[in-house]
Amino acid sequence: MPELPEVETVRRGLAPALVGARIARVEQRRGDLRFPFPPDFAARLAGRRVLDLRRRAKYLLADLDGGETLVMHLGMSGSFRIDGDIQGFFHHPRDKSAAHDHVVFHMENGARVTYNDPRRFGFMLLAPTAELDAHKLFRGIGVEPLGDALDAAFLARAFKGRAAPAKALLLDQRLIAGLGNIYVCEALHRCGISPLRAGGKLVTAAGKPSAALARLPEAIKKVLEEALAAGGSSLRDHRQADGSLGYFQHSFRVYDREGAACPTPGCRGMIARAVQSGRSTFYCPQCQK
């Protein structure tokens, strides 16, 4: 499934074609994806102007001038293709096979934005913009990992007294929104924290973050920012809005590198793999404590 940097990269790729433009018409080529489309989906979008294109966690949010927001999730294999003269920084030619093209947005600016999803695990819905924070998808969701709210004090409060492993806490969407498996493994390695260590052990008796935990917010943000600069870490089916694969996977320090030498200077450990809650965890048992 695409992680936060991939979704943000798609947002940046779509923005030049969508933001400020009016939707001339929508081709809805099937009745459902993961879920059924909202009633009168195509009709409710036709004629609406896209005021903004935002990201919340792994959701894309297109705010419309009619007071509704188009909520889009890529699922496991969803992608967008942009055809026409309006192209953003991330736009490059891509495969134009229509076999799994399910929704086509025809924009008045000449752009044609196509949603393609072979597995159909993605979805689209419409919700009142003013009520979006209270929507079942977003209420109770955690802080954005690239925002100012994620700092050492926040993590100390979130981890205090918790027996759950540090990795499990970081993946808890009620604490941090959109942070996924790959980047949690990478960030924990950068600050020397074992993914198996109980979160509460990283907080002092006075409720202060340990030195390693204090480094974690910066490590999280840095690895995400580096992935954004590289275009994400596209694996398997995922494609960016420009059709190209991300390539941050070539910079992984630990993820999917079981048996490789640890890249930490001076460390002679080997990258190990463990399974936590059904997901692969990659880490160095020697330098991550």
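Me: Which residues of helix 5 are buried?
Reply: The model is predicted. In it, the buried residues of helix 5 are Asn181, Ile182, Tyr183, Val184, Cys185, Glu186, Ala187, Leu188, His189 and Arg190.

Me: What follows helix 5?
Reply: Glycine 192, with a positive phi near 75 degrees.

Me: How do you know that the span of helix 6 is close to the one expected?
Reply: Helix 6 covers residues 211-230, which is 20 residues. The expected span is 1.5 Å times one less than the number of residues.

Me: Where is the kink in helix 6 centred?
Reply: On proline 217, with a kink of about 30 degrees. Pro217 is also one of the buried residues of helix 6. Others among them are Leu213, Leu216, Ile220, Lys221, Val223 and Leu224.

Me: What covers the buried residues of helix 6?
Reply: The cover includes helix 1 (4-18), helix 3 (152-159), helix 4 (166-170) and helix 5 (181-190).

Me: Why is arginine 157 called exposed?
Reply: Exposed means over 50% relative accessible area. Arginine 157 has 60%, so it counts as exposed. Its place is in helix 3. Valine 203 is 46 residues away from arginine 157 in sequence, and the two are 8.5 Å apart in space, C-alpha to C-alpha.

Me: Why is the pair of phenylalanine 80 and tyrosine 115 called tilted?
Reply: The structure holds seven aromatic pairs. In this one the ring centres are 5.1 Å apart and the planes stand at 55 degrees. Rings pair if their centres lie within 6.5 Å. Planes under 30 degrees apart count as stacked, over 60 as edge-to-face, and the rest as tilted. The 55 degrees between these planes falls in the rest, so the pair is tilted.

Me: Which parts does this pair tie together?
Reply: Phenylalanine 80 lies in strand 5 (residues 79-83) and tyrosine 115 in strand 7 (residues 112-116), so the pair ties together parts that are 35 residues apart in sequence. Phenylalanine 80 and tyrosine 115 are both buried.

Me: What links Phe35, Tyr59, Phe123 and Phe138?
Reply: Ring pairs link these residues into a cluster. Phe138 also touches Aspartate 133.

Me: Why does aspartate 133 count as exposed?
Reply: The cut-off is over 50%. Aspartate 133 has 67% relative accessibility, so it counts as exposed. It lies in the loop between strand 8 (123-128) and helix 3. Not counting residues up to four places away in sequence, aspartate 133 touches Phe138 and Arg139.

Me: Which value does phi take at aspartate 40?
Reply: A positive one, about 55 degrees, although aspartate 40 is not a glycine. The residue is found in the loop between strand 1 (23-28) and helix 2 (41-45). At 58% relative accessibility, against a cut-off of over 50%, aspartate 40 counts as exposed.

Me: What is phi at serine 277?
Reply: Near 50 degrees, again a positive value in a residue other than glycine. Serine 277 sits in the loop between strand 9 (272-276) and strand 10 (279-283). Its relative accessible area is 74%, so serine 277 is exposed.

Me: What does the secondary structure of the chain come to?
Reply: Six helices and 10 strands. Of the 289 residues, 54% count as buried. The accessible surface comes to about 12,900 Å², with 49% belonging to carbon and sulfur atoms. Among contacts between residues at least 6 apart in sequence, 66% join residues at least 24 apart.

Me: Where does pLDDT stay under 50?
Reply: Over residues 234-240, for which the model has 29 contacts beyond four places in sequence. The pLDDT is also below 50 over residues 242-247, a stretch with 20 contacts beyond near neighbours in sequence. Where pLDDT is low, predicted coordinates should not be read in detail. For the chain, the mean pLDDT is 90, and 88% of residues reach 70 or more.

Key: Residues are numbered from 1 along each chain as its sequence is written. This is a predicted model: local features need pLDDT of at least 70, side-chain atom pairs count only at pLDDT 80 or more; totals for chains, interfaces and linings use all residues. Side-chain values use heavy atoms; hydrogens and water are left out. Helices (H or I, at least four residues) and strands (E, at least two) are DSSP runs, numbered from the N terminus. The bend at a residue is the angle between axes fitted to the seven residues ending there and the seven starting there. Buried means under 20% relative accessible area, exposed over 50%, partly exposed in between (1.4 Å probe, protein chains only). Contact means heavy atoms within 4.5 Å. Rings of Phe, Tyr and Trp (its six-membered ring) pair if their centres lie within 6.5 Å; planes under 30 degrees apart count as stacked, over 60 as edge-to-face and the rest as tilted. Accessible areas come from the Shrake-Rupley method with a 1.4 Å probe; for residues, only the protein chains shown count as cover. pLDDT is the predictor's confidence in each residue, from 0 to 100.
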